[in-house]
Amino acid sequence: NPDYEFKSLNFVKDFIKANHHLPGVASIDELSKATNGYTFDMTKLTIQSLEKIEELYLHTIEQKEKIDQQQTEIDTLKKESKETNDRLEQLEKLLLKK
């Protein structure tokens, strides 16, 4: 859908808090009440469910990319910390020799 707008998790959280349902999914109030329960359009419900599954994948991919970036930064910081500690040890040894 060219009109589709990917919502951030913060937006989804705020929307759920305010509306008590996912954005893009019919609320219980929008369903027709019948004597034996609710009636709904299975095609529409299936499409809404597929959109939510796709959104979950997009959020998962976004989080994975962020985790990968953070892991790269962690690895760099660990390497720099080890190098700094090694240099400190060398300096301490030099100072103790005198």
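Here is a short chat about a predicted model of one chain.

Residues are numbered from 1 along the chain as its sequence is written, and side-chain values use heavy atoms, leaving out hydrogens and water. Local features need pLDDT of at least 70 and side-chain atom pairs 80 or more, while totals for chains, interfaces and linings use all residues.

Student: Which element has the highest confidence in the chain?
Tutor: Confidence here is pLDDT, the predictor's score for each residue from 0 to 100, and the chain averages 92. Strand β1 (residues 32–34) has the lowest mean, 83. The highest, at 96, belongs to α2.

Student: In what order do the elements run from the N terminus on?
Tutor: Helices (H or I, at least four residues) and strands (E, at least two) are DSSP runs, numbered from the N terminus. The chain has 2 helices and 2 strands. From the N terminus on, they run α-β-β-α.

Student: Is Glu55 buried or exposed?
Tutor: Glu55 lies in helix α2, residues 42–97. Buried means under 20% relative accessible area, exposed over 50%, partly exposed in between (1.4 Å probe, protein chains only). At 10%, Glu55 is therefore buried.

Student: What do the buried residues of α2 pack against?
Tutor: In α2, the buried residues are Gln48, Lys52, Glu55 and His59. Contact means heavy atoms within 4.5 Å, and leaving aside neighbours within four places in sequence, Glu55 touches Tyr4 and Phe6. As for an element, the buried residues of α2 pack against α1 (9–19).
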